[in-house]
Amino acid sequence: MGRTTGPGMTAVLVLAAVAAACTPPQLDRAESRRATRPPTTAPPTTASKPPSSPTPSPSKAPLASPGFPPTAARAREQLARLTVAWGKNWQTYKRSEFGEGWSDDTDAPGGRNGCDTRDDVLRRDLRNLREGDRNPCVVLSGTLLDPYTGKELPYSYRRASQIQTDHVVALGAAWRTGAWAWTPKQRLTYANDLDVLLAADKDTNYEKSSQTPDKWKPPRKEYWCEYGRRWTGIKAKYRLTVTAPEKLALQDLLGTCG
C-alpha cells in the first residue's frame, strides 16, 4: 500500500528544505571546525646552544692594559703631547670623591672579575704567591720586592703587613690635574685601575704621598725609568695635565731608560 503525503506534510517538507538552504555560512564554518580534527603540532625543538666559554680563573684574568706601561720611546711621545698647566681646585679634594674603598664594579683592568682590587694588586705584584683553595682571589701569602726601595717584604693574610697599595699618580695629584671635572663613575674607575696601582712599602708610600716627580722620586734609582714610564702612561691614559716642573722631572726619569 503506497504512502500518501497530505498537504500538511508537504508544507513541513518545504519549510525544512528552505531552512537548510538558508543556514548562515558562519554556522557551516563552525560545524566544519568541530568536525575536523586539528592537526597534531610537533613540540617545539630546543635550539642547541653553543657551549659557553668557561669562566676564567681570576688568577688568569688580565691585570694590566695591553701595552702598559708604555715603552720609554712611547712614553716620550706621550709626554710631548701632554698639556702643561698648573693644578687647580686642590682645596676641594676629598678621598671620598673617588668612591668609598675598593670596587670591582668598574671597566678598568681587573674590573668585574669577582676579586677585590687590592687582592688583584697583590696577585699581580707578589712572588711566591699562595692563593686560597676555595677562593683564588684571596692571597694567603707571598713576597713583595718593593719597587721603590728594593726591600723584600713578606705578606701573610693573617698578619699586619708592611705592604700598601699605592696610586702611582695619587688621587690628590689626579684631582688637581683634571679629575676634579670627572664624573663620579670616572673617578671610581681611576681609583680601581690596576694600571694606576702598585704594591709598595708602607713607609715609603706615606713619604711619597701625593707628590709629583719634581718633588719626590723613588729612593731606588734602578726604578726611575719604569716610574717615569708609568707616571707618563697614566697621565696620557686619563688626559691629565702636567706642570712645567713635573714635565722636566719626567724627562729626566725617562732619560735614565736604556
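User: I'm new to this one, so where does Ser141 lie?

Analyst: Ser141 lies in strand 2, which covers residues 139-145, and please keep in mind throughout that this is a predicted model.

User: Is Ser141 buried, partly exposed or exposed?

Analyst: Ser141 has a relative accessibility of 22% and therefore counts as partly exposed, given that buried would require a value under 20%.

User: What is Ser141 in contact with, beyond its neighbours within four places in sequence?

Analyst: With those neighbours left aside, Ser141 is in contact with Asn128, Leu129, Arg130, Tyr155 and Ser156. For one of these, Ser156, there is also a spacing to quote: Ser156 is 15 residues from Ser141 in sequence, while their C-alpha atoms are 4.4 Å apart in space.

User: Changing topic to helix 8, how far apart are its end C-alpha atoms?

Analyst: They are 20 Å apart, and this agrees with expectation, because the 14 residues of helix 8 (residues 224-237) should span 20 Å at 1.5 Å a residue.

User: And how many residues of helix 8 are buried?

Analyst: Ten of the 14 are buried, so that helix 8 is mostly covered. The buried residues include Tyr227, Trp231 and Ile234, and also Arg229, Arg230 and Lys235.

User: What covers those buried residues?

Analyst: The cover includes helix 3 (72-81), helix 6 (184-191), helix 7 (202-208) and helix 9 (244-254), together with strand 5 (197-201).

User: What happens just after helix 8?

Analyst: Just after helix 8 comes Arg239, which takes a positive phi of about 55°.

User: Back to helix 3, then: at what angle do the axes of helix 3 and helix 8 cross?

Analyst: They cross at roughly 45° and come within 9 Å, and the two helices are therefore oblique to each other. The crossing of helix 3 and helix 8 is left-handed. Helix 3 contributes Ala72, Ala75, Gln78 and Leu79 to the contact, and helix 8 contributes Arg229, Thr232, Gly233 and Ala236. Sorted by class, the contact of helix 3 with helix 8 has four nonpolar residues, three polar and one charged.

User: How do the axes of helix 3 and helix 9 cross?

Analyst: The axes of helix 3 and helix 9 come within 11 Å and cross at roughly 170°, which means that helix 3 is roughly antiparallel to helix 9. This contact is made by Ala75, Arg76, Leu79 and Ala80 on the helix 3 side and by Lys247, Leu250, Gln251 and Leu254 on the helix 9 side.

User: What classes of residue does the contact of helix 3 with helix 9 have?

Analyst: It has five nonpolar residues, one polar and two charged.

Definitions and conventions
Residues numbered from 1 in each chain as written. Predicted model: local features only at pLDDT ≥ 70, side-chain atom pairs only at ≥ 80, totals over all residues. Heavy atoms only, no water. Helix = DSSP H or I, 4+ residues; strand = E, 2+ residues; numbered from the N terminus. Expected span 1.5 Å × (residues − 1). Buried < 20%, exposed > 50% of the residue type's maximum accessible area, 1.4 Å probe, protein only. Contact = heavy atoms within 4.5 Å. Axes fitted to C-alpha atoms, helices over the stretch in contact; angles between N-to-C directions. Parallel < 35°, antiparallel > 145°, perpendicular 65-115°, else oblique. Left-handed = near helix turned anticlockwise from the far one by under 90°. Nonpolar A, V, L, I, M, F, W, Y, C, P; charged D, E, K, R; others polar.
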